[in-house]
Amino acid sequence: MSTTHLGLLTGLTLGLAAAFGGFGAFLVVLVLGALGLLAGRVLDGKLDLSQLTGRDRG
């Protein structure tokens, strides 16, 4: 299992634990799942955030 998959599963699990039931819970799980996916992609090196943080500028 890649770090991306692990990040996505972690975000989804935290979302389910934080809010259980209803449309609001669906939105919370969706947002936390997306954040977990992004974190996993960054840790895998498949997403480079240096352009957003400005660390690449000299």
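Author: Contact here means that heavy atoms lie within 4.5 Å of each other. With that in hand, and with neighbours within four places in sequence left aside, Thr4 is in contact with Leu37, Gly40, Arg41 and Asp44. The model is a predicted one, in which local features need a pLDDT of at least 70 and side-chain atom pairs count only at pLDDT 80 or more, while totals for chains, interfaces and linings use all residues. Residues are numbered from 1 along each chain as its sequence is written, and side-chain values use heavy atoms, with hydrogens and water left out.

Thr4 belongs to helix 1, where helices (H or I, at least four residues) and strands (E, at least two) are DSSP runs numbered from the N terminus. Thr4 has a relative accessible area of 8% and is therefore buried, a word kept for values under 20%, with exposed meaning over 50% and partly exposed lying in between (1.4 Å probe, protein chains only). A polar atom of the Thr4 side chain lies 3.5 Å from the backbone oxygen of Gly40. The side chains of Thr4 and Asp44 are joined by a polar contact of 2.4 Å, that is, a pair of N or O atoms within 3.5 Å, of which, within protein, one must be able to donate a hydrogen and the other to accept it, residues adjacent in sequence counting only if both atoms are side-chain atoms.

Asp44 is itself part of helix 2, and at a relative accessible area of 28% it is partly exposed. Although Asp44 and Thr4 are 40 residues apart in sequence, their C-alpha atoms are 6.5 Å apart in space. Beyond its neighbours within four places in sequence, Asp44 is in contact with Ser2, Thr3 and Thr4.

Ser2 sits in the segment before helix 1 (3–18) and, with a relative accessible area of 26%, is partly exposed. From Ser2 to Arg41 the C-alpha distance is 9.3 Å, across 39 residues of sequence. Gly45 is placed in the loop between helix 2 and helix 3, and its 61% relative accessibility makes it exposed. The C-alpha atoms of Gly45 and Thr3 are separated by 9.8 Å, with the two residues 42 apart along the chain.

Of the 58 residues, 19% are buried, and among contacts between residues at least 6 apart in sequence, 45% join residues at least 24 apart. The accessible surface comes to about 4,500 Å², with 68% of it belonging to carbon and sulfur atoms; such areas come from the Shrake-Rupley method with a 1.4 Å probe, and for residues only the protein chains shown count as cover.

As for confidence, pLDDT is the predictor's confidence in each residue, from 0 to 100. The mean pLDDT of the chain is 76, with 88% of its residues reaching 70 or more. Among the elements, helix 2 has the highest mean pLDDT (80), and helix 3 (residues 50–53) the lowest (73).
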